[in-house]
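Dear colleague,

Please find below the structure that I am handing over to you. My notes on its contents follow directly after it.

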Amino acid sequence: MKQINLITKITVYSYEECTEIEKKLIDAAKQATFNAYAPYSKFHVGAALQLENGKIITGNNQENAAYPSGLCAERTAVFYANAQYPDQKIKAIAVAAYYNGDFTNDLVSPCGSCRQVLLEVESRYNSPVKILMYNKNNEVYVAESMSSLMPLSFDKKALD
Ligand code: THU
């Protein structure tokens, strides 16, 4: 028998400690929550991507009466960015959620399907995507890459 311990490094910054571009991304993710379409869960999620050319792309969750047909904020943003700017690396993503009249106390962390999509982005552009997860205590949890949040993940190397 052998045991493998996998370590995930998360750094917690206050909003004020973030760089200017990180602050812009967080602000954009927070703002994007207000355009979410979430009549069923009432959980409004916003995501903001930083492209290599400096452009910020936002997305939000888009729900549907047929629940599984809806889409998370992160994938809405990533698919839009990849559709419009296929040559632009995605450098970072910020995520925030608004629920019950305020931003959430707990950070909002990408779901498994969004993690898988962000992992594909890292392999597609051969470049890490920094993940910034905001909570209303003005804390920002930062993971340096999606692969660091998804050890033993399945990616296209398995298909080579
Ligand atoms: N949701 C996101 O948009 N992103 C996440 O990271 C977590 C969950 C959405 C999906 C659904 O519309 C609502 O939040 C409640 O799960």
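A nonpolar core is here a set of buried Ala, Val, Leu, Ile, Met, Phe, Trp, Tyr and Cys residues joined through side-chain atoms within 4.5 Å. Buried means under 20% relative accessible area, exposed over 50%, and partly exposed in between, with a 1.4 Å probe and protein chains only.

The model is predicted: local features need pLDDT of at least 70 and side-chain atom pairs count only at pLDDT 80 or more, while totals for chains, interfaces and linings use all residues. Residues are numbered from 1 along each chain as its sequence is written, and side-chain values use heavy atoms, with hydrogens and water left out.

The largest nonpolar core has 26 residues, and those with the most contacts inside it are Leu49, Val78, Ile90, Ile93, Val129, Ile131 and Met146. At least two residues of this core come from each of strand E2 (44-51), helix H2 (73-84), strand E4 (90-99), helix H3 (112-125) and E6; helices (H or I, at least four residues) and strands (E, at least two) are DSSP runs numbered from the N terminus. H3 gives the largest share, five residues. A second, separate core of 15 residues includes Tyr15, Ala28, Ala48 and Val142.

Leu49 has contacts (heavy atoms within 4.5 Å) with residues that include Leu25, Ile57, Val78, Ile90 and Ile93, leaving aside residues up to four places away in sequence.

Turning to the strands, two of them pair if DSSP finds at least two bridges between them. Strand E7 (residues 139-143) runs antiparallel to strand E1 (residues 10-14), with five bridges joining them; here Tyr13 has Val140 as its bridge partner. E7 also pairs in the antiparallel sense with strand E6 (residues 130-135), over five bridges, and Leu132 is partnered by Val142. E6 and E7 form a hairpin with three residues between them, where Asn138 in the turn has a positive phi of about 65°.

The whole structure holds six aromatic pairs, counted when ring centres of Phe, Tyr and Trp (its six-membered ring) lie within 6.5 Å; planes under 30 degrees apart are stacked, over 60 edge-to-face and the rest tilted. Phe34 and Phe103 form an edge-to-face pair, 5.9 Å centre to centre with 75° between the planes. Phe34 is partly exposed, because its relative accessibility is 43%, whereas Phe103 is buried at 13%. Ring pairs link Phe34, Tyr98, Phe103 and Tyr134 into a cluster.
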